[in-house]
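Colleague: I have a few minutes before my next call. Can you walk me through this one?

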Amino acid sequence: MQPIKSRKHAANKFQQHVSAALATMLLPIAAGASEAAPAPDDAASAPVSTVQVTGRQENDFKAERASSPKYTEKLVDTAQSVQVIKKELIEQQGALTLTEALRNTPGVGAFFLGENGNTNTGDAIFMRGFDTSASIFVDGVRDVGSVSRDVFNMEQIDVVKGPAGTDNGRGAPTGSVNLVSKKAEMTDAASGSLTAGSASQKRATVDVNKILNAERGIALRMNAMAQDAGRPARAVVTDKRWAVAPSLGFGLNGPTRVVLDYLHVDQDNIPDGGVPTVGLPGYTSPDRTRSFITDAAPVDPHNFYGSNSDYDKVKADMATVRVEHDFAPGFKLHNITRYGRTSQDYLLTAFMGSAANLLTPNPADPSTWTLARGTRTVKDQENRILTNQSALTSQFDTGNLRHTLVTGLELTSERQIAYGLTGLGSLPAANLDRPDPAAPVTGLAPTRTGAYNEGVIDTQSLYAFDTIKLGERWIFNGGLRLDHFNGDYSVVALTNNVLAPTHFTVGDTLVNGKASILFKPTSNSSLYAMAASSKQPPGASFTVSGNANSAQNPIYDPQETVSTEIGGKLDLFKQKLALSAALFRTEVKNDVEQDPVDLKYYQTGKKRVQGVELGATGELARNWLVSAGYLYMDTSVEAGKVITAGGENHLTYTPKSSFTLWTSYDLPFGLKIGGGARYSDRLLRGTDGAIGTPAYTDSYWVFDAMASYQVNRNLDIRLNVYNLGDERYVASINKSGYRYTPGSPRAASLTANLRF
């Protein structure tokens, strides 16, 4: 690999960011170093059998802890970058999906639209340079499937950055996302909301919690949601869904607590295949004989190049039993059992903007350019999971050392089956500037061919985490996890009208570890260093292949990741404002990648992501809340193939700099005002031989605003306005650069919130 001339400049720039981050970390801590010696952490040292019942807090962005029982300390004493996005922040912003909520953490987003004619649907999340879509969890249980997750039943979202192999087993190299569900509580409360907005948005939610028996600690909670909406950026595309989520709790005020949850989600959407990149910066004609299209203006981003007959139907059911039992002070069992089933059936008309698909009967008139829409992609897939996870927390002393030991056993069976379909039909070529989604479709309705891909992964996991406190200033943590998995795959292909079965098996035992040391200069601050590992074998996401020229061939070794991080955290203003700063480096090896020239796959990839992340969450002053973050990433391919278009040595779909801010202020007469800003640096796309398409997307700023008025104790009205400047930007781009998803233009929603 040839050296890149800009690497020296990038290294100097990275060093400047490192220096600034260290100053940000150390100066506030040094300023508070004169405080008295830290007092014991009451929450950590208190007997775990203590049950605290509180009402729901409003107007609070700062969380004290992550939800997982594996994280026993407060966030300020957790030696890792962990961001908790609370429901109060999500509600203020009017965020409705996981992708929208994750805008509150810098550098995390759905930047990748898909490969060639295929389009990603749902939460296709990239984090610190790598695809994290298969590392999304609900209450600590893996939630697979390319579906869009609604946040109506979410209490908070935990974003864990850095390898999470010790926490969750196989997973993405750079972190995981855990959605924490709302559960029955010992309080009587009822709330609901009605929303109307741009693109014919209509949405209603309800959240009712009722104590059924105070003496026995029995309570019932019901969450429900219904939505019928379009998208401000896109014609024809719709987001229509409804869901219910009951939760029944027993013994909530006693030593044994049992909560039964159920979630049902039904989506019936018209999906989005994207917009041609014709006219965007960096676009040139894919064919020299049609060079005048190089100067063509961008197409209207509202244009819909699919068909009214496209659909995306999702049904999800999730039944959960949670049991917590306090054996004695400092001795607690946490168990969760879940059965989940998600089915997705979609038909999406996509396109390839290659020379062969750009057609015109009259080269002298660019307005007559047409685009072939011959690619109709489908998915008829079902995912199931059955799991039982147990975690035992024990607190004890050995001499001067105070231990909090968490040991766990997890048994999981996951199954995915995807059926082959035929009879997809075809559409006539679309006018490039004025496509007609009502154009007639030729062909029959999709039917199953008998072909299918089926995979079953059974995993048995053991882990242990020990948090050791030495005095009041030192905290040591070590963790080890062992995952033994077996994958069984059946592939039945249809070739020349003949079904040909193939069978594969994979199996391995993965060992991951984590170790950290943390020093507390004051009771409300910390400095730490951490190292952790993660592994992801081929076939871990049910895409194993017997094709020798495939990234998912089981002959390959697991992808291995090692991450190191040093950082500091500081709680200010009576622990109401949390500041954080971290320097991190993640190195990934054994990455399987495709050579853009010979199109073969090689396990020679070694990639590196290093950077600095800063964060602030909480209350700046009375009635003034803030959530902010900045991330700078210096990424490179250390060995293997440079896979970005244009040949730059930088990872794809990874902004170098990103920034997010949301702040709100309560005025004394019932008016709340707020606003936010988001910045994303340019994104480099992948390369696969496409000609004439943009090598990257431009950077952009987006500004939002909010105003809320409390009419009385039971009613408030909130107005959200998005993209105040009506900025045109690319939210995601596909690998070839033929298609992109436009960012949402200026839009607004009005919400009435009721509370009783």
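Colleague: Where is the place of asparagine 623?

Modeller: Asparagine 623 sits in the loop between β28 and β29. Helices (H or I, at least four residues) and strands (E, at least two) are DSSP runs, numbered from the N terminus. A caution on sources: this is a predicted model, local features need pLDDT of at least 70, side-chain atom pairs count only at pLDDT 80 or more, and totals for chains, interfaces and linings use all residues. Residues are numbered from 1 along each chain as its sequence is written, and side-chain values use heavy atoms, with hydrogens and water left out.

Colleague: What is the phi of asparagine 623?

Modeller: Positive, about 70°, although asparagine 623 is not a glycine. Asparagine 623 counts as partly exposed because its relative accessibility is 32%. The cut-offs: buried is under 20% relative accessible area, exposed is over 50%, and partly exposed is in between (1.4 Å probe, protein chains only).

Colleague: Buried or exposed?

Modeller: Asparagine 496 counts as exposed because its relative accessibility is 71%. Its place is the loop between β23 (474-495) and β24 (498-519).

Colleague: Zoom out. How many helices and strands does the chain have?

Modeller: There are 5 helices and 38 strands. The chain has 756 residues, and 52% of them count as buried.

Colleague: What does the accessible surface come to?

Modeller: About 31100 Å², with 58% belonging to carbon and sulfur atoms. Accessible areas come from the Shrake-Rupley method with a 1.4 Å probe; for residues, only the protein chains shown count as cover.

Colleague: Now voids. How many cavities of 30 Å³ or more are there?

Modeller: The structure holds 8. On a 1 Å grid over the protein atoms alone, a cavity is a set of points where a 1.4 Å probe fits but cannot get out, and lining residues have an atom within 4 Å of a point. Grid points are joined across faces, edges and corners, and a volume is the space filled by probe spheres set on the points.

Colleague: What volume does the second largest cavity have?

Modeller: About 470 Å³. Of its 33 lining residues, Val82, Gln83, Ser580, Gly615 and Thr617 are the closest to the centre. Among the elements that give two or more residues to that lining are β1 (82-86), β28 (601-621) and β29 (624-639).

Colleague: What classes make up the lining of that cavity?

Modeller: The lining has 17 nonpolar, 9 polar and 7 charged residues. Ala, Val, Leu, Ile, Met, Phe, Trp, Tyr, Cys and Pro count as nonpolar, Asp, Glu, Lys and Arg as charged, and the others, Gly among them, as polar.

Colleague: Aromatics next. What is the count of aromatic pairs?

Modeller: The count comes to 12. Rings of Phe, Tyr and Trp (its six-membered ring) pair if their centres lie within 6.5 Å; planes under 30 degrees apart count as stacked, over 60 as edge-to-face and the rest as tilted. Phenylalanine 112 and phenylalanine 126 form an edge-to-face pair, 6.1 Å centre to centre with 70° between the planes. Phenylalanine 112 is in the loop between β2 (108-109) and β3 (126-127), phenylalanine 126 is in strand β3, and they are 14 residues apart.

Colleague: Why do phenylalanine 112 and phenylalanine 126 get the label they have for accessibility?

Modeller: Phenylalanine 112 counts as buried because its relative accessibility is 13%. Phenylalanine 126 is at 9%, so it counts as buried.

Colleague: What about tyrosine 700 and tyrosine 729, how do their rings sit?

Modeller: The ring centres are 4.2 Å apart and the planes are at 25°, so the pair is stacked. Tyrosine 700 is in strand β34 (residues 700-712) and tyrosine 729 is in the loop between β35 (715-722) and β36 (730-733), 29 residues apart.

Colleague: Last one. Where is leucine 392?

Modeller: In strand β19 (residues 375-398). Leucine 392 is 14 residues from valine 406 in sequence, and 5.5 Å from valine 406 in space, C-alpha to C-alpha. Beyond its neighbours within four places in sequence, leucine 392 is in contact with residues including Phe327, Leu333 and Thr407.

How values were computed. 1 Å grid on protein atoms, 1.4 Å probe; cavity = no way out; pocket = protein on both sides within 12 Å on 5 of 7 lines; lining within 4 Å. Contact = heavy atoms within 4.5 Å.
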